[in-house]
Amino acid sequence: MTQVILFTDGACSGNPGKGGWAYILRHLASGKEKVCSGADPDTTNNRMELTAIIEGLRALNRPVSVEVVSDSKYALDGLERWIHGWKKKGWKLANGSPVKNIDLWQELDRLAQIHQLSFTYVPGHAGHPENERCDQLAVQAYKAL
């Protein structure tokens, strides 16, 4: 049973360029939320998407069941499907080249061992309230750099 919902988003101005990430962490039993965002002066959109999930999972104080809600097919497909094969192949792609953003994927893999994760895809910029809020926070974060 899901105990926490983690809404996330990443944004970039240029790719690579200035980027921001944000999350909303909602505890279902209490209804309490934690909202956080950050930025990087030289990054990619994919790195910001992954960072948002990492930072949200790091904010949890104990192992819980987490529903990760994101508009990033890259992040969700990676966590649900691709990561298992990458690990078996020594963090290599099918063609033998190294996995991009390996540092972030390895941290996500570590965090996934702590928490029970499930995943929900939401289309970006389609009116999902928490996704829109995360997007706004991520954009504000990189604009503040």
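**Charges, fold and one glutamate**

Reply: Happy to! The protein chain carries 17 positive and 16 negative side chains, with the centres of the two sets 5 Å apart. Lys and Arg count as positive, Asp and Glu as negative, while His and the chain ends are not counted; each charge is placed at NZ of Lys, CZ of Arg, CG of Asp or CD of Glu. Please keep in mind that this is a predicted model, where local features need pLDDT of at least 70, side-chain atom pairs count only at pLDDT 80 or more, and totals for chains, interfaces and linings use all residues. Residues are numbered from 1 along each chain as its sequence is written, and side-chain values use heavy atoms, leaving out hydrogens and water.

From the N terminus, the elements run β-β-β-α-β-α-α-β-α, giving four helices and five strands (DSSP runs, numbered from the N terminus: H or I of at least four residues for helices, E of at least two for strands). Along its principal axes, the C-alpha trace spans about 45 × 40 × 25 Å.

Buried residues make up 45% of the 145 in the chain. Setting aside neighbours within four places in sequence, Glu 107 is in contact with Ile 54 and Arg 58, contact being heavy atoms within 4.5 Å. Across the chain, 67% of the contacts with a separation of 6 or more join residues 24 or more positions apart.

Methods: Buried means under 20% relative accessible area, exposed over 50%, partly exposed in between (1.4 Å probe, protein chains only).
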